[in-house]
Amino acid sequence: MLSLLIWLPVIGGALLFLLPEKSVRLGALTVSGLSLLWTLWLFTQYDVTNLGFQFTEHLTWIPALGLDYALGLDGLALLMVGLNTFLNWIAIYTAPNDVERPKLFYALMLVVNSAVSGAFLAQNFLLFFFFFEVELVPLYLLIAIWGGEKRSYAATKFLLYTALSGALILAGGLGLVWLGGATDFDYETLTKINLPVSQQDLLLLPILFGF
């Protein structure tokens, strides 16, 4: 169920390059709209009395790294994914009709939708970090190509800030696994790690400053 929110925009974005240019905007709106409708359906199926993660998916991906394709949805993530799919549809709908290089533009918009949803749905720290970094690429290109007068400066500044924040977040996560002796990066595993308060405070700093 949750994988559809990640892969539908990616596949739809790729298919946009096969459409005639005059139909690209409608195609992007359709794909983004389907993602939004799927999210609304998840709202109707979500059990508010269940405090755990729902609609979970788990697939072993790279065991040597402790990286699993693990997805789950709680109340907070549901709200954030809903906000993401709604804003993505609004952004595509309000984009200028005469936008330059429309196929690339709308494809990048859909990839952003996919990566942001993936970050909120991820139940593995490395998987979260993967989606967090993936979303930076289309955002950088959107700023650099379709931005305002100082778009090159803005895109470079965006890349530097997000690269630094990503490095800090990754350092915090790696430190947690290393100090806790965990064998993988699944959130379920990480929440069971018991560290002294001093070490917890130390690990909190890079994660806090990173975000």
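Here are some questions and answers on how the labels for this predicted model follow from its values.

The model is predicted, so local features need pLDDT of at least 70 and side-chain atom pairs count only at pLDDT 80 or more, while totals for chains, interfaces and linings use all residues. Residues are numbered from 1 along each chain as its sequence is written, and side-chain values use heavy atoms, with hydrogens and water left out.

Q: Why is the pair of Phe125 and Phe128 called tilted?
A: Rings of Phe, Tyr and Trp (its six-membered ring) pair if their centres lie within 6.5 Å; planes under 30 degrees apart are stacked, over 60 edge-to-face, and the rest tilted. The centres of Phe125 and Phe128 lie 6.4 Å apart and their planes are at 40 degrees, so the pair is tilted. A search of the whole structure finds 10 aromatic pairs.

Q: What separates Phe125 and Phe128 along helix α5?
A: Helices are DSSP runs (H or I, at least four residues), numbered from the N terminus. Phe125 and Phe128 are 3 residues apart in α5 (residues 125-134), so about one helical turn separates them.

Q: How do you know whether Phe125 and Phe128 are buried or exposed?
A: Buried means under 20% relative accessible area, exposed over 50%, and partly exposed in between (1.4 Å probe, protein chains only). Phe125 has 8%, so Phe125 is buried, and Phe128 has 11%, so Phe128 is buried too.

Q: What kind of pair do Phe130 and Phe131 make, and why?
A: Their ring centres are 5.5 Å apart and their planes stand at 65 degrees, so the pair is edge-to-face.

Q: Which residues do ring pairs link into a cluster?
A: The cluster holds Phe125, Phe128, Phe132, Phe185 and Phe211.

Q: How do you know how the span of helix α2 compares with the expected one?
A: The expected span is 1.5 Å times one less than the number of residues. Helix α2 (residues 24-45) has 22 residues and reaches 32 Å from its first C-alpha to its last, close to the 32 Å expected.

Q: What makes up the contact of α4 with α6, by residue class?
A: Ala, Val, Leu, Ile, Met, Phe, Trp, Tyr, Cys and Pro count as nonpolar, Asp, Glu, Lys and Arg as charged, and the others, Gly among them, as polar. The contact (heavy atoms within 4.5 Å) includes Leu104 and Phe105 of α4 and Pro138 and Trp146 of α6. Its residues divide into 12 nonpolar, no polar and no charged.

Technical notes:
Helix = DSSP H or I, 4+ residues; strand = E, 2+ residues; numbered from the N terminus.
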